[in-house]
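Student: Could you take me through the salt bridges of this model with care, and tell me how exposed their partners are?

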Amino acid sequence: MADNKKTTVSAKANTLENAKSKQQKDNAKELEAKKKEADKKALEAREEAERQKKEAEERRKAEEEQKRLEAEQKAAEEQQAREEEEQRNKELLAAAGKIAAAGSAAAFAAAKTTKGRFKFLKGLLLGLVIGLLVGSIGVYLKMRDPIHIPAVTGTVASVEDHDLTIDNDNFLGYTAADFENAVLGGASEHQELIVMEQPLQIETTITQAGLGKLAIFSKVKSINYAGTGVYTVDLSKIDGDHINVDEDNRTVTVYIPHTVLQYVIPDLQSAEFQDTEKGMLSFGEIKLTPEEQNALEIEVQSAMKERLDSDDLYELADRYASLQTWEIFQPLITAVSPEFIVEIEFSPESANSAQ
């Protein structure tokens, strides 16, 4: 209201549908369709990864089974070779023993005669030599005996057959930090993100009362102003506590602040003036003093804030904010893993407010 008692100003703001607002709605519909398609692709990537994982596990089990069978076969062959070697050693020792026994018998037979004493000594010496030889052969064969290798059972795999596997927080090659860094990097590039610009039409009425405030001496003029309300979301407030990674459901949830009415921009230069309604004894046009003009501008801004600071517009702005921040974060998460999707939710500690 103006301070001048003869002049009063009233204003009411209404939302306006124009090219800007239509474009915003169209963009929102496109983003919703894009999100559905991205969710579908993530699901397909997830299913493909599970299929590949299953195939890899089956191949791994088949390879381990093949290695186990080969190890068992090798162990059996080595055992058979050892048994054959032991049998040959026994036969060789037996043959050497027979030779030594024969030599000893011949020596004792020769010793029964006087002439055979010399032969006895010679045979005895030969027996000792043969005994030493047989003992040496036994020691040699014992040293040649291969180290016993127990039969292999279960899964067999050498260290050389496997790459080093790192337990990566149960993620398939990714950590929670990878997703968190991606989100924080995207948020840092969009501090105060404009999510909606709402056009308004402000219907303003200026009434100038005449003598005794009688209608016949009064003048009324209607003026239509245009204006815009700008809603933003502050992504600079996002930190690690606002990011949740759900490995089981392959989902990264980002909690963003609710939108705020950041700017109220009246366009007083594009006013549409209606004809002045005059009483029968009222003449001339309404002329405003600088104080009345200032009161007019204040009334226009007040009417705009009242309309813009309403639940329906905040809900619409939040919807746009959710879709636009999703568009920022989803490609970054997909770059880390195509199996993950992004869900946007609003922080419980935040609330819509006019600035």
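Tutor: In this predicted model, Glu-48 and Arg-51 join their side chains in a salt bridge, with N and O 2.4 Å apart; the term stands for a side-chain nitrogen of Lys or Arg within 4 Å of a carboxyl oxygen of Asp or Glu. Both residues belong to helix H1 (residues 19-110), where they are 3 residues apart, about one turn of the helix; helices here are DSSP runs of H or I with at least four residues, strands are runs of E with at least two, and both are numbered from the N terminus. Glu-48 is partly exposed at 33% relative accessible area, and Arg-51 is partly exposed at 37%, where buried means under 20%, exposed over 50%, and partly exposed in between (1.4 Å probe, protein chains only).

Helix H1 also holds Glu-85 and Arg-88, 3 residues apart, whose closest N and O atoms are 2.2 Å apart in a salt bridge. Here Glu-85 is buried at 15%, whereas Arg-88 is partly exposed at 46%.

Arg-250 and Glu-339 form a salt bridge of 3.0 Å, N to O. This pair links distant parts of the chain, 89 residues apart, with Arg-250 in the loop between strands S4 (243-246) and S5 (251-256) and Glu-339 in the loop between H5 and strand S8 (341-346). Arg-250 is buried at 10%, and Glu-339 is buried at 10%.

Residues are numbered from 1 along each chain as its sequence is written. Because the model is predicted, local features need pLDDT of at least 70 and side-chain atom pairs count only at pLDDT 80 or more, while totals for chains, interfaces and linings use all residues, and side-chain values use heavy atoms, leaving out hydrogens and water.
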